[in-house]
Amino acid sequence: MKIFKSMFTVFWYVVIFMHIGLVFLIESFVPNMDPTGFKMVRFLLIALLFVISFKRKKLSLWIFSSMILGIEVGMDFPAFGLEMERFGKIFIRLIKSLVGPLIFATLVVGIAGHSNLKQVGRIG
């Protein structure tokens, strides 16, 4: 089958993602074991997700891989996750500062693009 010819298909991405979930599930059923091995396996699987994302060059895979990495870092290193919160707030503020001028510019270009001003009144 064509799916199994390459390691860098979305099929293998989903399979590796399911294995990450399986490692979480196994770790929750055996709380007495040392979690270091589970962490190493999860980070190895996440590294494989990033390799597939790099080879496929799809933005959706990069976003999803980054979300999984963010969840993993937040669970395994909560102090580091709290320190990274300030960068998240800065990012949200930057996005908010871009939305207003973008909407304004879109409206101005839309209104200026009409040759007949009577059509502008009928838009809304």
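Read from the N terminus, the elements of the protein run α-α-α-α-α-α. That gives six helices and zero strands, where helices (H or I, at least four residues) and strands (E, at least two) are DSSP runs numbered from the N terminus. The model is predicted: local features need pLDDT of at least 70, side-chain atom pairs count only at pLDDT 80 or more, and totals for chains, interfaces and linings use all residues. Residues are numbered from 1 along each chain as its sequence is written, and side-chain values use heavy atoms, with hydrogens and water left out.

**Whole chain**

Start with the surface display. The accessible surface of the protein comes to about 9700 Å², and 75% of it belongs to carbon and sulfur atoms; such areas come from the Shrake-Rupley method with a 1.4 Å probe, and for residues only the protein chains shown count as cover. Of the 124 residues in the protein, 17% are buried. Buried means under 20% relative accessible area, exposed over 50%, and partly exposed in between (1.4 Å probe, protein chains only). For contacts (heavy atoms within 4.5 Å) between residues at least 6 apart in sequence, 53% join residues at least 24 apart.

**The core**

Next select Tyr13, Ile16, Ile20, Val23, Phe38, Leu45, Ile46, Leu49, Phe50, Ile52, Leu61 and Ile68, the 12 residues of the largest nonpolar core. Helices α1 (10-29), α2 (35-56) and α3 each supply at least two residues of this core, and α2 gives the most, with six. A nonpolar core is a set of buried Ala, Val, Leu, Ile, Met, Phe, Trp, Tyr and Cys residues joined through side-chain atoms within 4.5 Å. In soluble globular proteins, nonpolar side chains tend to be buried together.

Centre the view on Leu49. Leaving aside neighbours within four places in sequence, Leu49 is in contact with Tyr13, Ile16, Phe17, Ile20, Ser65 and Ile68. Ile68 counts as buried because its relative accessibility is 10%. From C-alpha to C-alpha, Ile68 and Leu49 are 9.4 Å apart in space and 19 residues apart in sequence. Beyond its neighbours within four places in sequence, Ile68 is in contact with Phe17, Ile20, Ile46 and Leu49.

**Ser53 and Trp62**

Select Ser53, in helix α2. Its relative accessible area is 0%, so Ser53 is buried. With neighbours within four places in sequence set aside, Ser53 is in contact with Tyr13, Lys58, Leu61, Trp62 and Ser65.

Trp62, one of those contacts of Ser53, is in helix α3. At a relative accessible area of 31%, Trp62 is partly exposed. Apart from neighbours within four places in sequence, Trp62 is in contact with Phe50, Ser53 and Phe54. Trp62 and Leu49 are 13 residues apart in sequence and 8.7 Å apart in space, C-alpha to C-alpha.

**The loop at Lys57**

Go to the loop between α2 and α3 and select Lys57. Although Lys57 is not a glycine, its phi is positive, about 55°. Most residues other than glycine have a negative phi. Lys57 counts as exposed because its relative accessibility is 64%.

**The largest pocket**

Finally, select Gly70, Val73, Gly74, Gly81, Met84 and Phe91, which line the largest pocket. On a 1 Å grid over the protein atoms alone, a pocket is an open set of points where a 1.4 Å probe fits, with protein on both sides within 12 Å along at least five of seven lines; lining residues have an atom within 4 Å of a point. The volume of the largest pocket is about 250 Å³, taken as the space filled by probe spheres set on the points, which are joined across faces, edges and corners. Helix α3 (residues 59-76) provides the largest share of the lining, three residues. The lining divides into three nonpolar, three polar and no charged residues; Ala, Val, Leu, Ile, Met, Phe, Trp, Tyr, Cys and Pro count as nonpolar, Asp, Glu, Lys and Arg as charged, and the others, Gly among them, as polar.
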